[in-house]
Amino acid sequence: MISAGDFKNGLTLEIDGQVMQILEFQHVKPGKGAAFVRTKMKNVINGGVVEKTFRPTEKFPAARIDRKNYQYLYNDGDLYYFMDPESFEQIMINKDTIGDSMKFVKENDEVKVDSYNGNVFAIEPPLFVELEITDTEPGFAGNTAQGANKPATVETGASIQVPLFVNIGDKVKIDTRTGEYLSRV
């Protein structure tokens with residue numbers, strides 16, 4: 001059990017039957033009245049963010065979130081298939097659970113599967129991936145003063161913005177958190 005007085009950023013707790021992660025917290029001691037802890041929390045299952053206040057003596061159980069490496073195999077319509085690289089056990093996850101977290105992941109890449117009490121609620125792709133550009137317009141030298149971008153499609157089908165000098169067939173490094181082009185490889 002963790003008391004509200006011991007809250008830290010990133011701590012995951014069970015509060016009112018929900019799995020919540022603390023994004024921000026602040027201990028407040030007003031001039032008049034009892035002290036309290038003001039928090040901003042995110043529901044890790046559905047992604048909702050709420051602000052709540054607690055007395056410093058309130059206690060909550062810690063939630064155990066399992067993050068395990070899996071290899072992405074393929075998708076078949078609305079189902080994505082993953083394999084545990086240690087036991088070779090395969091699992092399938094519904095497209096609704098995954099959302100758009102797989103748009104920069106290609107087959108055989110490693111991802112982290114997040115689960116709570118055996119129920120998968122999120123997929124964490126690698127932070128950076130290297131993908132090949134499959135479609136983009138040709139860039140022309142001298143048609144901008146600085147830093148112009150153009151749309152491009154990568155081998156997974158996702159669209160990103162790249163500098164004008166990037167061409168079809170180039171491999172690029174992408175930050176999967178923002179979908180931002182980082183460099184050519």
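Predicted model: local features only at pLDDT ≥ 70, side-chain atom pairs only at ≥ 80, totals over all residues.
**Whole chain.** Start with everything selected and the cartoon on. The secondary structure comes to 1 helix and 16 strands. Orient the view along the principal axes: the C-alpha atoms fill a box of roughly 65 × 50 × 25 Å. The radius of gyration is 22 Å, whereas a compact globule of 185 residues would have one near 16 Å.

**Surface and interior.** Switch to a surface display. The accessible surface comes to about 11,300 Å², and carbon and sulfur atoms account for 47% of that area. Colour by burial next: of the 185 residues, 35% are buried. With contacts drawn between residues at least 6 apart in sequence, 41% of them join residues at least 24 apart.

**Charges.** Select the charged side chains.

**Asp16.** Now select residue 16 and show its backbone. Asp16 sits in the loop between β2 (12-15) and β3 (18-28). Its phi is positive, about 55 degrees, although Asp16 is not a glycine. Is the residue buried or exposed? Asp16 is exposed, with a relative accessible area of 64%.

**Asn117.** Move on to residue 117. Asn117 is placed in the loop between β10 (110-116) and β11 (119-124). Here too the residue is other than glycine, and the phi of Asn117 is positive, near 55 degrees. Asn117 counts as exposed because its relative accessibility is 61%, and the cut-off for exposed is over 50%.

Conventions. Residues numbered from 1 in each chain as written. Heavy atoms only, no water. Helix = DSSP H or I, 4+ residues; strand = E, 2+ residues; numbered from the N terminus. Buried < 20%, exposed > 50% of the residue type's maximum accessible area, 1.4 Å probe, protein only. Rg over C-alpha atoms; globule rule 2.2 N^0.38 Å. Contact = heavy atoms within 4.5 Å. Areas by Shrake-Rupley, 256 points an atom, 1.4 Å probe, with all protein chains shown as cover.
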